[in-house]
Amino acid sequence: SVALSKDTLLSGSTDHTVRLWDLKKKTHEVKFEGHSSMVTCVLICKSTGFSSSHDSTIRIWDLKHRKPQAIVSVFEQIWQMCIIEGGQTIAAACRYSISFIDIKTKKTSKIKTSVGYNASAICFSKDETHFVIGYGDGAVQCWFKKSILFEQKKHSAPVLAARFLPECKKFVTCSEDRSVVIWDIQNKQCI
């Protein structure tokens with residue numbers, strides 16, 4: 001996993017580490033250690049880095065001072081995450097739920113997912129009223145706030161990523177089965 005911010009790149013690896021790179025200098029700046037399993041996702045928000053892992057933790061890194069800042073346990077494997085609410089909250093796609101972590105207080109809340117497979121992808125619309133969850137069995141759920149609008153299975157393998165199109169009326173999912181599906185929220189189906 002990689003995340004970019006101006007001249008900074010953060011990378012996560014299967015060797016359990018997170019690395020900070022200076023793109024301007026083309027140098028590796030620091031290696032953050034602490035995860036006990038593969039790093040599944042990294043994010044940057046201002047001068048803070050975030051990493052998630054199958055070790056059920058999200059680690060928060062102070063990129064400016066190049067040191068660990070906090071550890072938040074969600075008690076489930078984490079597959080992917082995103083930052084919402086203007087940089088105030090992390091939404092993490094976990095094995096059996098979506099965890100919401102308040103970045104300031106580190107408090108967590110969860111929405112249980114109805115699919116038996118792990119939530120492998122998550123994405124929010126620009127206005128954050130809708131979000132999409134992709135699953136390890138190829139299923140896709142579209143949510144409006146905290147209610148499921150629709151759920152369908154068009155992929156035959158795990159969903160790897162989901163992204164909303166700019167107008168927020170459609171979204172795209174891609175899968176290990178090498179397929180890309182465009183979804184229409186209003187009609188609650190793929191196009």
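Buried here means under 20% relative accessible area, and exposed means over 50%. The model shown in these views is predicted.

Figure 1. The C-alpha atoms occupy a box of roughly 50 × 35 × 30 Å along the principal axes. For 191 residues, a compact globule would have a radius of gyration near 16 Å, and the chain agrees with this because its own value is 16 Å. Buried residues account for 50% of the 191 residues. Among contacts with a separation of 6 or more, 32% are between residues 24 or more positions apart.

Figure 2. The side chains include 27 positive and 18 negative ones, with the centres of the two sets 4 Å apart.

**Figure 3. Strand S14 spans residues 130–135 and is largely enclosed by the rest of the structure, because six of its six residues are buried.** In a regular strand, side chains alternate between the two faces of the sheet. On one side of S14, His 130, Val 132 and Gly 134 are buried.

**Figure 4. Strand S13 (residues 119–124) pairs with S14 in the antiparallel sense.** Five bridges hold this pairing. Gly 134 of S14 has Ala 121 opposite. The two strands form a hairpin with five residues between them, where Glu 128 adopts a positive phi near 60 degrees.

**Figure 5. Strand S15 (residues 139–144) runs antiparallel to S14.** The two strands are joined by five bridges. In the hairpin of S14 and S15, three residues lie between the strands, and Gly 138 in the turn has a positive phi of about 95 degrees.

**Figure 6. Ser 156 sits in the loop between strands S16 (147–153) and S17 (159–164).** Its relative accessibility is 63%, so Ser 156 counts as exposed. Ser 156 and Phe 124 are 32 residues apart along the chain, and 23 Å separates their C-alpha atoms.

Note on methods. Residues are numbered from 1 along each chain as its sequence is written. This is a predicted model: local features need pLDDT of at least 70, side-chain atom pairs count only at pLDDT 80 or more; totals for chains, interfaces and linings use all residues. Side-chain values use heavy atoms; hydrogens and water are left out. The radius of gyration is taken over C-alpha atoms; the globule rule is 2.2 Å times the number of residues to the power 0.38. Buried means under 20% relative accessible area, exposed over 50%, partly exposed in between (1.4 Å probe, protein chains only). Contact means heavy atoms within 4.5 Å. Lys and Arg count as positive and Asp and Glu as negative; His and the chain ends are not counted. The place of a charge is taken as NZ of Lys, CZ of Arg, CG of Asp or CD of Glu. Helices (H or I, at least four residues) and strands (E, at least two) are DSSP runs, numbered from the N terminus. Two strands pair if DSSP finds at least two bridges between them.
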